[in-house]
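Subject: Structure handover

Hi,

Here is the structure for you to look through. My notes follow below it.

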Amino acid sequence: MNTILLTIDPVAFSIGPLTVRWYGIIIVTGIIIGYLVANAEGKKRGLPEDFFGDLLLWAVPIAIISARLYYVMMKWDYYGANPGKIIEIWNGGIAIHGALIGAITTAYVFCRVKKVSFLKVADIAAPSILIGQIIGRWGNFMNQEAFGGPVSRDFLESLFLPDWLIEQMYIHDLGTYVHPTFLYESTWNLVGLIILLLFRKANLHRGEIFFSYLIWYSIGRFFIESMRTDSLYLIGDLRSAQVMSVTLIIIGFVSIFYRRWKVRPVIRYYDE
């Protein structure tokens with residue numbers, strides 16, 4: 001079948017020397033929507049109206065810095081020899097696990113300072129984190145990055161994808177179509193979001209929604225990572241994202257089991 005190959009321009013618009021990319025717009029959109037959802041739920045759960053706004057002022061920049069540092073550490077052979085490149089984040093190079101480490105650590109310290117239960121805040125925020133990831137992965141789509149190995153056009157059509165999406169999965173430098181791993185992860189996270197919202201109605205023990213997020217996201221990321229061609233590696237063929245995924249899965253399950261059977265008195269999601 002003859003097809004006109006179309007590539008979406010990653011640049012949304014330019015104003016003089018300022019270039020605004022779709023990636024940045026999409027990431028900011030995900031943050032805003034996630035904030036609005038968390039803020040609305042937080043007010044229901046008795047948090048101050050400005051709680052998540054104040055938290056984001058710290059968490060977002062720290063998450064960006066930690067995401068960059070994580071990436072730099074995984075690529076130290078290059079950045080150690082080219083230290084001037086470390087700050088060039090505009091040329092790409094951030095890692096979601098680094099962002100999670102930075103954001104979660106910041107939230108923990110922030111909650112300690114504000115004398116608010118970290119697990120209460122984490123449960124409220126978990127669906128919003130997934131919202132940010134669901135939307136944010138489409139930034140990778142716009143940049144034609146974070147994709148998987150080669151596939152045929154017939155395979156992509158068998159997934160019932162629209163033509164505009166299929167064509168963006170044609171990588172001209174490779175001369176082939178590739179797995180839309182951004183879409184796999186975005187879809188996996190969408191299912192996870194629905195599950196977490198249902199968990200709210202199940203009235204689980206405090207912390208279980210957040211730990212369920214860690215488990216769900218990490219299971220999907222572990223398998224999807226195996227398809228990607230741009231993975232960060234620890235040693236040899238050991239992918240850092242898969243190691244982190246296994247670690248978070250273990251942390252999630254151990255934390256749920258420990259709190260459910262050892263922590264008394266039980267505090268549930270809807271408890272103040």
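First, a word on the record: UniProt positions are given in the numbering used here, feature names are shortened, and annotations may be inferred rather than shown by experiment. This is a predicted model, where local features need pLDDT of at least 70 and side-chain atom pairs count only at pLDDT 80 or more, while totals for chains, interfaces and linings use all residues. Residues are numbered from 1 along each chain as its sequence is written, and side-chain values use heavy atoms, with hydrogens and water left out.

**The annotated residue**

UniProt lists R137 under "binding site", in an unreviewed entry. R137 sits in helix α5 (residues 118–143). Helices here are DSSP runs of H or I, at least four residues, numbered from the N terminus. R137 has a relative accessible area of 12%, so it is buried (under 20%; exposed is over 50%, partly exposed in between; 1.4 Å probe, protein chains only). Beyond its neighbours within four places in sequence, R137 is in contact (heavy atoms within 4.5 Å) with I96, A146, F182, E185, S186, Y217, R221 and R228.

**Nonpolar cores**

A nonpolar core is a set of buried Ala, Val, Leu, Ile, Met, Phe, Trp, Tyr and Cys residues joined through side-chain atoms within 4.5 Å. The largest one has 31 residues. F51, F52, L55, F118, V121, F210 and Y213 have the most contacts inside it. Helices α2, α4, α5, α8 and α9 each supply at least two of its residues. The largest share, 10 residues, comes from α5. Another core lies apart, with 16 residues, including I26, V151, I166 and Y177.

**Aromatic pairs**

Rings of Phe, Tyr and Trp (its six-membered ring) pair if their centres lie within 6.5 Å; planes under 30 degrees apart count as stacked, over 60 as edge-to-face and the rest as tilted. The count is 19 aromatic pairs. F51 and F110 have ring centres 5.3 Å apart and planes at 75°, so they are edge-to-face. F51 is in helix α2 (residues 51–74) and F110 in helix α4 (residues 96–114), so the pair ties together parts 59 residues apart in sequence. F51 is buried at 3% relative accessibility, and F110 is buried at 10%.

Best wishes
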